[in-house]
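Welcome! Take a moment to look over the model below, then read on for a short tour of the ligand and its surroundings.

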Amino acid sequence: MTHDELLEWSRRAAEWALDYHNGLRDRPVRAQVAYGATAARLPAIAPDAPEPVEQIFDDFQAVVPDAMTHWQHPRFFAYFPANASPASMLAEQLANAIAAQAMLWQTSPAATEIEQVMMTWLREALGLADHFTGTIHDSATTATLSAVLTMRDRAMGWRSVEEGLCGGPRLRIYASAQTHSSVDKAVRLAGIGQANLVKVPVRDDFGMDPAALDAAIRADLAAGYRPAGVVICCGGTSIGAFDPVAECVAVARAHDLYTHVDAAWAGSAMICSEFRGLWAGVDAADSVVFNPHKWLGIQFDCAVQFLADPAPQIRSLGLRPDYLQTLGQDEIVNFNEWTVPLGRRFRALKIWFVLRAYGLDGLRTRIRNHVTWAEELAAVIGGMEGFEIFTPPALSLFTFRYRDDVQTESLLARINDDGRVYLTQTRHDGQFVIRVQVGQFDCTRDDVMMVAQVLSEIS
Ligand code: PLP
(Lines give C-alpha, C1' and ligand atoms only; values in the text may rest on other atoms or scores of the structure.)
Protein backbone atom coordinates (compact mmCIF):
# COMPACT_ATOMS: atom_id res chain seq x y z
CA MET A 1 0.00 0.00 0.00
CA THR A 2 1.37 3.40 -0.97
CA HIS A 3 0.75 6.86 0.46
CA ASP A 4 -1.35 7.69 -2.63
CA GLU A 5 -3.55 4.65 -1.98
CA LEU A 6 -3.73 5.64 1.68
CA LEU A 7 -5.49 8.86 0.65
CA GLU A 8 -8.32 6.90 -0.98
CA TRP A 9 -8.56 4.42 1.87
CA SER A 10 -8.56 7.21 4.43
CA ARG A 11 -11.62 8.64 2.68
CA ARG A 12 -13.26 5.22 2.75
CA ALA A 13 -12.38 4.86 6.44
CA ALA A 14 -13.85 8.29 7.24
CA GLU A 15 -17.07 7.40 5.39
CA TRP A 16 -17.23 4.09 7.22
CA ALA A 17 -16.66 5.90 10.54
CA LEU A 18 -19.52 8.31 9.86
CA ASP A 19 -21.93 5.45 9.09
CA TYR A 20 -20.68 3.55 12.13
CA HIS A 21 -21.24 6.46 14.49
CA ASN A 22 -24.62 7.34 12.98
CA GLY A 23 -25.75 3.73 13.35
CA LEU A 24 -24.55 3.11 16.89
CA ARG A 25 -27.98 3.37 18.53
CA ASP A 26 -29.12 0.42 16.37
CA ARG A 27 -26.36 -1.83 17.71
CA PRO A 28 -26.29 -3.64 21.06
CA VAL A 29 -23.86 -1.71 23.27
CA ARG A 30 -22.04 -4.73 24.66
CA ALA A 31 -20.60 -7.24 22.19
CA GLN A 32 -22.89 -10.25 21.90
CA VAL A 33 -20.21 -12.74 20.79
CA ALA A 34 -18.80 -15.88 22.37
CA TYR A 35 -15.22 -16.06 23.61
CA GLY A 36 -12.96 -17.42 20.85
CA ALA A 37 -15.42 -16.80 18.00
CA THR A 38 -13.44 -13.94 16.47
CA ALA A 39 -10.07 -15.66 16.67
CA ALA A 40 -11.60 -18.68 14.96
CA ARG A 41 -12.45 -16.52 11.92
CA LEU A 42 -8.82 -15.55 11.31
CA PRO A 43 -6.20 -17.70 9.52
CA ALA A 44 -3.76 -19.36 11.90
CA ILE A 45 -0.67 -17.75 10.32
CA ALA A 46 0.16 -14.51 8.46
CA PRO A 47 0.00 -14.49 4.65
CA ASP A 48 3.24 -14.81 2.66
CA ALA A 49 1.87 -12.90 -0.31
CA PRO A 50 0.44 -9.36 -0.15
CA GLU A 51 -3.34 -9.19 -0.14
CA PRO A 52 -5.52 -6.48 -1.74
CA VAL A 53 -6.59 -3.72 0.65
CA GLU A 54 -10.16 -4.10 -0.64
CA GLN A 55 -10.18 -7.63 0.79
CA ILE A 56 -8.63 -6.54 4.09
CA PHE A 57 -11.17 -3.74 4.44
CA ASP A 58 -14.07 -6.10 3.64
CA ASP A 59 -12.81 -8.52 6.28
CA PHE A 60 -12.55 -5.70 8.80
CA GLN A 61 -16.20 -4.85 8.22
CA ALA A 62 -17.25 -8.49 8.41
CA VAL A 63 -15.24 -9.45 11.49
CA VAL A 64 -14.68 -6.46 13.75
CA PRO A 65 -17.70 -4.18 14.39
CA ASP A 66 -20.08 -6.93 15.53
CA ALA A 67 -17.41 -8.31 17.82
CA MET A 68 -16.81 -5.04 19.63
CA THR A 69 -18.38 -3.43 22.66
CA HIS A 70 -19.19 0.07 21.46
CA TRP A 71 -17.52 2.55 23.79
CA GLN A 72 -18.78 5.50 21.75
CA HIS A 73 -22.39 4.26 21.91
CA PRO A 74 -24.53 7.02 23.45
CA ARG A 75 -26.06 4.46 25.83
CA PHE A 76 -22.74 3.20 27.24
CA PHE A 77 -23.17 3.66 31.00
CA ALA A 78 -20.68 1.02 32.15
CA TYR A 79 -17.31 1.43 33.94
CA PHE A 80 -16.27 5.00 33.12
CA PRO A 81 -16.49 6.22 29.53
CA ALA A 82 -13.52 6.46 27.18
CA ASN A 83 -14.85 9.32 25.13
CA ALA A 84 -13.61 10.17 21.66
CA SER A 85 -15.06 13.40 20.32
CA PRO A 86 -14.79 13.99 16.55
CA ALA A 87 -12.22 16.78 17.08
CA SER A 88 -10.09 14.37 19.07
CA MET A 89 -10.31 11.75 16.32
CA LEU A 90 -9.22 14.33 13.76
CA ALA A 91 -6.19 15.28 15.86
CA GLU A 92 -5.27 11.61 16.24
CA GLN A 93 -5.41 11.16 12.46
CA LEU A 94 -2.96 14.01 12.05
CA ALA A 95 -0.69 12.74 14.83
CA ASN A 96 -0.80 9.31 13.15
CA ALA A 97 0.18 10.83 9.83
CA ILE A 98 3.25 12.47 11.37
CA ALA A 99 3.86 9.37 13.53
CA ALA A 100 6.57 10.98 15.62
CA GLN A 101 8.20 9.53 18.70
CA ALA A 102 8.17 12.48 21.06
CA MET A 103 10.67 11.25 23.67
CA LEU A 104 12.90 14.32 23.53
CA TRP A 105 12.25 17.96 22.68
CA GLN A 106 14.56 17.64 19.68
CA THR A 107 12.69 14.61 18.33
CA SER A 108 9.41 16.62 18.25
CA PRO A 109 9.69 20.24 19.39
CA ALA A 110 6.02 21.00 18.67
CA ALA A 111 4.86 17.95 20.64
CA THR A 112 6.85 18.99 23.71
CA GLU A 113 5.89 22.64 23.58
CA ILE A 114 2.19 22.08 22.85
CA GLU A 115 2.21 19.62 25.77
CA GLN A 116 3.68 22.32 28.01
CA VAL A 117 1.07 24.86 26.93
CA MET A 118 -1.78 22.33 27.26
CA MET A 119 -0.70 21.58 30.83
CA THR A 120 -1.16 25.28 31.59
CA TRP A 121 -4.52 25.42 29.78
CA LEU A 122 -5.77 22.38 31.71
CA ARG A 123 -4.39 23.58 35.03
CA GLU A 124 -6.24 26.87 34.61
CA ALA A 125 -9.39 25.10 33.36
CA LEU A 126 -9.44 22.91 36.47
CA GLY A 127 -8.78 25.87 38.76
CA LEU A 128 -5.50 24.46 40.09
CA ALA A 129 -2.84 26.72 41.60
CA ASP A 130 -0.21 28.16 39.28
CA HIS A 131 2.70 26.30 40.85
CA PHE A 132 1.54 23.05 39.16
CA THR A 133 3.23 21.93 36.00
CA GLY A 134 2.49 18.64 34.30
CA THR A 135 2.90 15.94 31.72
CA ILE A 136 0.85 13.40 29.78
CA HIS A 137 0.98 9.65 30.42
CA ASP A 138 -0.79 6.84 28.60
CA SER A 139 -2.91 5.96 31.62
CA ALA A 140 -3.66 6.91 35.20
CA THR A 141 -2.10 3.60 36.20
CA THR A 142 1.28 4.75 34.88
CA ALA A 143 0.94 8.20 36.46
CA THR A 144 0.12 6.61 39.82
CA LEU A 145 3.04 4.21 39.43
CA SER A 146 5.31 7.20 38.75
CA ALA A 147 4.05 8.91 41.92
CA VAL A 148 4.50 5.76 44.02
CA LEU A 149 8.05 5.28 42.69
CA THR A 150 8.74 8.87 43.69
CA MET A 151 7.28 8.27 47.18
CA ARG A 152 9.46 5.21 47.52
CA ASP A 153 12.73 6.84 46.51
CA ARG A 154 12.09 10.03 48.45
CA ALA A 155 11.36 8.03 51.62
CA MET A 156 14.57 6.05 51.03
CA GLY A 157 16.59 9.28 50.86
CA TRP A 158 17.09 8.43 47.12
CA ARG A 159 19.43 5.54 48.02
CA SER A 160 17.02 3.10 46.40
CA VAL A 161 17.64 4.64 42.96
CA GLU A 162 21.14 3.11 43.00
CA GLU A 163 20.95 0.38 45.60
CA GLY A 164 17.38 -0.88 45.42
CA LEU A 165 15.31 -1.76 48.46
CA CYS A 166 17.30 -4.75 49.69
CA GLY A 167 18.09 -4.57 53.40
CA GLY A 168 16.23 -1.26 53.73
CA PRO A 169 13.29 -0.37 55.97
CA ARG A 170 9.80 -1.62 55.25
CA LEU A 171 8.05 1.18 53.36
CA ARG A 172 4.36 1.92 53.84
CA ILE A 173 1.88 3.56 51.48
CA TYR A 174 -1.62 4.62 52.64
CA ALA A 175 -4.91 4.67 50.72
CA SER A 176 -8.53 3.83 51.42
CA ALA A 177 -10.19 0.65 50.14
CA GLN A 178 -12.20 2.87 47.73
CA THR A 179 -9.01 3.70 45.83
CA HIS A 180 -8.56 2.12 42.40
CA SER A 181 -6.60 -1.13 42.04
CA SER A 182 -3.93 0.79 40.09
CA VAL A 183 -2.55 1.74 43.52
CA ASP A 184 -2.28 -1.95 44.48
CA LYS A 185 -0.53 -2.57 41.17
CA ALA A 186 1.84 0.36 41.76
CA VAL A 187 2.98 -0.87 45.18
CA ARG A 188 3.59 -4.33 43.74
CA LEU A 189 5.57 -2.98 40.77
CA ALA A 190 7.52 -0.61 43.00
CA GLY A 191 8.76 -3.53 45.10
CA ILE A 192 6.98 -2.16 48.16
CA GLY A 193 4.59 -5.08 48.25
CA GLN A 194 0.85 -5.42 48.63
CA ALA A 195 1.11 -6.06 52.38
CA ASN A 196 2.64 -2.61 52.80
CA LEU A 197 -0.31 -0.83 51.23
CA VAL A 198 -2.28 0.16 54.31
CA LYS A 199 -6.01 0.41 53.61
CA VAL A 200 -7.07 3.23 55.89
CA PRO A 201 -10.60 3.04 57.35
CA VAL A 202 -13.24 5.31 55.85
CA ARG A 203 -15.95 7.53 57.35
CA ASP A 204 -19.68 7.07 56.80
CA ASP A 205 -19.44 8.83 53.41
CA PHE A 206 -16.70 6.36 52.31
CA GLY A 207 -14.03 9.06 52.26
CA MET A 208 -10.78 8.29 54.10
CA ASP A 209 -10.86 9.09 57.81
CA PRO A 210 -7.96 11.55 58.41
CA ALA A 211 -7.77 10.60 62.12
CA ALA A 212 -7.45 6.93 61.12
CA LEU A 213 -4.74 7.89 58.62
CA ASP A 214 -2.82 9.69 61.33
CA ALA A 215 -3.23 6.75 63.71
CA ALA A 216 -2.06 4.26 61.05
CA ILE A 217 1.06 6.30 60.32
CA ARG A 218 1.88 6.66 64.02
CA ALA A 219 1.38 2.94 64.62
CA ASP A 220 3.68 2.12 61.70
CA LEU A 221 6.36 4.50 62.95
CA ALA A 222 6.17 2.90 66.38
CA ALA A 223 6.52 -0.54 64.75
CA GLY A 224 9.66 0.52 62.88
CA TYR A 225 8.14 0.84 59.41
CA ARG A 226 8.92 3.81 57.17
CA PRO A 227 5.82 5.66 55.89
CA ALA A 228 6.41 6.94 52.36
CA GLY A 229 3.24 8.46 50.93
CA VAL A 230 -0.53 8.74 50.76
CA VAL A 231 -2.74 8.17 47.70
CA ILE A 232 -5.94 10.18 47.96
CA CYS A 233 -9.08 9.14 46.10
CA CYS A 234 -11.27 11.73 44.36
CA GLY A 235 -14.09 9.91 42.62
CA GLY A 236 -13.48 6.21 43.31
CA THR A 237 -14.35 3.74 40.58
CA SER A 238 -16.76 1.67 42.59
CA ILE A 239 -19.22 4.27 43.93
CA GLY A 240 -17.47 7.61 43.35
CA ALA A 241 -16.09 8.07 46.88
CA PHE A 242 -14.18 11.26 47.70
CA ASP A 243 -11.53 11.46 50.40
CA PRO A 244 -11.35 14.77 52.30
CA VAL A 245 -8.30 16.04 50.43
CA ALA A 246 -7.34 19.00 52.62
CA GLU A 247 -7.40 16.98 55.84
CA CYS A 248 -5.61 13.96 54.36
CA VAL A 249 -2.87 16.12 52.82
CA ALA A 250 -2.47 17.96 56.14
CA VAL A 251 -1.92 14.66 57.98
CA ALA A 252 0.54 13.50 55.31
CA ARG A 253 2.41 16.80 55.46
CA ALA A 254 2.67 16.63 59.25
CA HIS A 255 4.58 13.36 58.78
CA ASP A 256 6.54 14.64 55.75
CA LEU A 257 4.86 12.20 53.37
CA TYR A 258 4.40 12.66 49.61
CA THR A 259 0.80 12.88 48.38
CA HIS A 260 -0.80 11.78 45.11
CA VAL A 261 -4.45 12.48 44.25
CA ASP A 262 -6.21 10.02 41.93
CA ALA A 263 -9.00 11.96 40.23
CA ALA A 264 -8.85 9.86 37.06
CA TRP A 265 -12.58 10.16 36.36
CA ALA A 266 -13.81 13.08 38.50
CA GLY A 267 -10.97 15.46 37.60
CA SER A 268 -12.65 16.44 34.32
CA ALA A 269 -15.69 17.71 36.25
CA MET A 270 -13.49 20.33 37.91
CA ILE A 271 -13.74 22.48 34.77
CA CYS A 272 -17.11 23.36 36.40
CA SER A 273 -16.29 25.53 39.40
CA GLU A 274 -19.36 24.33 41.36
CA PHE A 275 -17.83 20.84 41.72
CA ARG A 276 -14.42 21.95 43.00
CA GLY A 277 -15.52 21.71 46.62
CA LEU A 278 -15.25 17.94 46.14
CA TRP A 279 -11.46 18.18 45.99
CA ALA A 280 -10.95 21.24 48.21
CA GLY A 281 -7.35 21.33 49.36
CA VAL A 282 -5.96 19.73 46.19
CA ASP A 283 -3.52 22.62 45.70
CA ALA A 284 -1.48 21.34 48.64
CA ALA A 285 -0.93 17.90 47.03
CA ASP A 286 2.36 16.91 45.41
CA SER A 287 0.83 15.09 42.45
CA VAL A 288 -2.63 14.90 40.85
CA VAL A 289 -3.76 12.66 38.00
CA PHE A 290 -6.88 12.90 35.86
CA ASN A 291 -7.87 11.25 32.59
CA PRO A 292 -9.12 13.61 29.88
CA HIS A 293 -9.78 10.35 28.01
CA LYS A 294 -12.57 9.54 30.41
CA TRP A 295 -14.90 12.54 30.58
CA LEU A 296 -13.41 15.38 28.54
CA GLY A 297 -13.83 13.89 25.07
CA ILE A 298 -10.08 13.62 24.50
CA GLN A 299 -9.75 10.09 23.37
CA PHE A 300 -7.85 7.22 24.92
CA ASP A 301 -5.02 7.34 25.71
CA CYS A 302 -4.53 10.55 27.63
CA ALA A 303 -3.80 10.79 31.36
CA VAL A 304 -2.58 14.11 32.73
CA GLN A 305 -0.44 14.32 35.84
CA PHE A 306 0.07 17.66 37.55
CA LEU A 307 3.15 18.00 39.75
CA ALA A 308 3.80 20.66 42.38
CA ASP A 309 7.50 20.10 41.69
CA PRO A 310 8.60 17.75 38.90
CA ALA A 311 12.15 17.43 40.29
CA PRO A 312 11.53 14.48 42.66
CA GLN A 313 9.74 12.44 39.96
CA ILE A 314 12.53 13.19 37.47
CA ARG A 315 15.04 12.09 40.10
CA SER A 316 13.26 8.72 40.28
CA LEU A 317 12.48 8.19 36.59
CA GLY A 318 14.88 10.29 34.55
CA LEU A 319 17.94 8.86 32.82
CA ARG A 320 20.28 10.44 30.29
CA PRO A 321 22.46 7.80 28.62
CA ASP A 322 24.91 9.05 25.97
CA TYR A 323 22.58 8.26 23.11
CA LEU A 324 19.78 10.41 24.59
CA GLN A 325 21.90 13.46 25.38
CA THR A 326 20.67 16.63 23.73
CA LEU A 327 24.00 18.33 23.48
CA GLY A 328 24.08 21.95 24.52
CA GLN A 329 20.41 21.78 25.57
CA ASP A 330 20.65 20.27 29.02
CA GLU A 331 18.18 22.65 30.60
CA ILE A 332 15.27 22.06 28.24
CA VAL A 333 12.35 19.76 29.06
CA ASN A 334 12.59 16.21 27.73
CA PHE A 335 9.33 14.68 28.88
CA ASN A 336 10.57 11.07 28.79
CA GLU A 337 12.41 11.92 32.02
CA TRP A 338 9.06 12.55 33.73
CA THR A 339 7.41 9.23 32.77
CA VAL A 340 7.98 5.47 32.82
CA PRO A 341 8.33 4.67 29.09
CA LEU A 342 10.98 6.36 26.99
CA GLY A 343 8.79 6.53 23.89
CA ARG A 344 5.90 8.95 23.82
CA ARG A 345 3.05 9.62 21.42
CA PHE A 346 2.06 13.14 20.40
CA ARG A 347 -0.97 13.21 22.71
CA ALA A 348 -1.04 16.96 23.32
CA LEU A 349 -2.41 17.56 19.82
CA LYS A 350 -5.82 16.09 20.63
CA ILE A 351 -6.06 18.17 23.81
CA TRP A 352 -5.38 21.29 21.75
CA PHE A 353 -8.01 20.38 19.16
CA VAL A 354 -10.73 19.42 21.65
CA LEU A 355 -10.33 22.41 23.97
CA ARG A 356 -10.60 24.71 20.95
CA ALA A 357 -13.30 22.87 18.99
CA TYR A 358 -15.81 22.68 21.88
CA GLY A 359 -14.48 25.41 24.15
CA LEU A 360 -14.53 24.95 27.90
CA ASP A 361 -18.17 26.07 27.88
CA GLY A 362 -19.14 23.29 25.46
CA LEU A 363 -17.41 20.71 27.65
CA ARG A 364 -18.90 22.17 30.85
CA THR A 365 -22.41 21.94 29.42
CA ARG A 366 -21.93 18.24 28.68
CA ILE A 367 -20.65 17.46 32.17
CA ARG A 368 -23.42 19.47 33.85
CA ASN A 369 -26.05 17.70 31.73
CA HIS A 370 -24.61 14.31 32.66
CA VAL A 371 -24.76 15.12 36.37
CA THR A 372 -28.34 16.44 36.10
CA TRP A 373 -29.55 13.48 34.04
CA ALA A 374 -27.91 10.98 36.42
CA GLU A 375 -29.76 12.61 39.32
CA GLU A 376 -33.06 12.47 37.38
CA LEU A 377 -32.55 8.83 36.46
CA ALA A 378 -31.67 7.89 40.05
CA ALA A 379 -34.89 9.56 41.23
CA VAL A 380 -36.94 7.56 38.70
CA ILE A 381 -35.28 4.22 39.50
CA GLY A 382 -35.58 4.89 43.23
CA GLY A 383 -39.34 5.17 42.79
CA MET A 384 -39.72 1.86 40.92
CA GLU A 385 -41.15 -1.21 42.66
CA GLY A 386 -38.41 -3.52 43.93
CA PHE A 387 -35.54 -1.10 43.20
CA GLU A 388 -33.36 0.69 45.73
CA ILE A 389 -30.77 3.40 45.07
CA PHE A 390 -27.85 1.94 47.00
CA THR A 391 -25.43 4.84 46.73
CA PRO A 392 -26.69 8.26 45.63
CA PRO A 393 -25.20 10.11 42.64
CA ALA A 394 -21.60 11.19 43.18
CA LEU A 395 -21.39 13.57 40.23
CA SER A 396 -22.90 11.28 37.55
CA LEU A 397 -22.26 7.85 39.16
CA PHE A 398 -24.78 5.99 41.31
CA THR A 399 -25.58 2.39 42.16
CA PHE A 400 -28.84 0.52 42.58
CA ARG A 401 -30.08 -2.89 43.58
CA TYR A 402 -33.07 -5.01 42.66
CA ARG A 403 -34.49 -6.97 45.62
CA ASP A 404 -31.45 -9.13 46.54
CA ASP A 405 -28.00 -10.19 45.27
CA VAL A 406 -29.28 -13.04 43.12
CA GLN A 407 -32.02 -11.01 41.45
CA THR A 408 -29.72 -8.02 40.92
CA GLU A 409 -27.09 -10.17 39.22
CA SER A 410 -29.66 -11.89 37.05
CA LEU A 411 -31.20 -8.54 36.10
CA LEU A 412 -27.78 -7.21 35.06
CA ALA A 413 -27.26 -10.18 32.74
CA ARG A 414 -30.68 -9.57 31.14
CA ILE A 415 -29.99 -5.82 30.74
CA ASN A 416 -26.76 -6.48 28.88
CA ASP A 417 -28.19 -9.30 26.77
CA ASP A 418 -30.98 -6.91 25.77
CA GLY A 419 -28.25 -4.55 24.54
CA ARG A 420 -30.05 -1.21 24.46
CA VAL A 421 -27.93 0.02 27.38
CA TYR A 422 -24.74 -1.27 29.00
CA LEU A 423 -24.27 -1.32 32.78
CA THR A 424 -21.70 -3.02 35.01
CA GLN A 425 -21.58 -4.10 38.62
CA THR A 426 -19.62 -3.55 41.79
CA ARG A 427 -19.82 -4.85 45.32
CA HIS A 428 -20.50 -2.32 48.04
CA ASP A 429 -20.89 -2.99 51.75
CA GLY A 430 -20.89 -6.66 50.85
CA GLN A 431 -23.84 -6.33 48.44
CA PHE A 432 -23.92 -6.88 44.68
CA VAL A 433 -25.03 -3.59 43.08
CA ILE A 434 -25.37 -2.22 39.55
CA ARG A 435 -23.45 0.93 38.63
CA VAL A 436 -24.83 3.64 36.36
CA GLN A 437 -22.33 6.18 35.13
CA VAL A 438 -23.58 8.91 32.79
CA GLY A 439 -20.74 10.41 30.81
CA GLN A 440 -20.81 9.44 27.16
CA PHE A 441 -19.96 12.42 24.96
CA ASP A 442 -22.98 12.12 22.61
CA CYS A 443 -25.62 10.87 25.02
CA THR A 444 -28.90 12.70 25.35
CA ARG A 445 -31.44 12.82 28.17
CA ASP A 446 -33.54 10.27 26.23
CA ASP A 447 -30.57 7.90 26.10
CA VAL A 448 -30.17 8.18 29.85
CA MET A 449 -33.87 7.65 30.53
CA MET A 450 -33.74 4.52 28.35
CA VAL A 451 -32.13 2.82 31.38
CA ALA A 452 -35.39 3.21 33.34
CA GLN A 453 -37.41 2.00 30.37
CA VAL A 454 -35.29 -1.13 29.96
CA LEU A 455 -35.50 -1.83 33.69
CA SER A 456 -39.29 -1.48 33.72
CA GLU A 457 -39.63 -3.81 30.71
CA ILE A 458 -37.34 -6.61 31.79
CA SER A 459 -37.27 -6.64 35.60
N1 PLP B 1 -8.21 5.56 38.92
C2 PLP B 1 -9.54 5.53 38.81
C3 PLP B 1 -10.38 6.24 39.84
C4 PLP B 1 -10.14 4.86 37.75
O5 PLP B 1 -11.48 4.81 37.65
C6 PLP B 1 -9.33 4.20 36.81
C7 PLP B 1 -9.92 3.47 35.67
O8 PLP B 1 -11.10 3.46 35.46
C9 PLP B 1 -7.95 4.26 36.97
C10 PLP B 1 -7.41 4.93 38.04
C11 PLP B 1 -7.03 3.60 35.98
O12 PLP B 1 -7.10 4.32 34.79
P13 PLP B 1 -6.24 3.92 33.51
O14 PLP B 1 -7.10 2.99 32.73
O15 PLP B 1 -6.03 5.22 32.80
O16 PLP B 1 -4.99 3.30 33.97
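Around the ligand there are 13 residues, and A140, T141, T237, D262 and N291 come nearest; a residue counts as near if one of its heavy atoms lies within 4 Å. This is a predicted model, in which local features need pLDDT of at least 70 and side-chain atom pairs pLDDT 80 or more, while totals for chains, interfaces and linings use all residues. Residues are numbered from 1 along each chain as its sequence is written, and side-chain values use heavy atoms, leaving out hydrogens and water.

- The side chain of T237 has an N or O atom 2.8 Å from an oxygen atom of the ligand.
- D262 places a polar side-chain atom 2.7 Å from a nitrogen atom of the ligand.
- For K294, an N or O atom of the side chain is 3.3 Å from an oxygen atom of the ligand.
- The ligand taken alone exposes 390 Å², and the protein buries 85% of that (areas by the Shrake-Rupley method with a 1.4 Å probe).

**The shell around the ligand**
- Its classes are three nonpolar, eight polar and two charged residues, with Asp, Glu, Lys and Arg counted as charged and Gly among the polar ones.
- Helices α6 (140-155) and α11 (292-295) each supply at least two residues of this shell (helices are DSSP runs of H or I, at least four residues).

**A look at R123**
- You will find R123 in helix α5, residues 109-126.
- R123 is buried, as its relative accessible area is 12% (buried means under 20%, with a 1.4 Å probe and protein chains only).
- The side chains of R123 and E124 are joined by a polar contact of 3.2 Å (a pair of N or O atoms within 3.5 Å, one able to donate a hydrogen and the other to accept it; for residues adjacent in sequence, both must be side-chain atoms).

Technical notes: Buried < 20%, exposed > 50% of the residue type's maximum accessible area, 1.4 Å probe, protein only.
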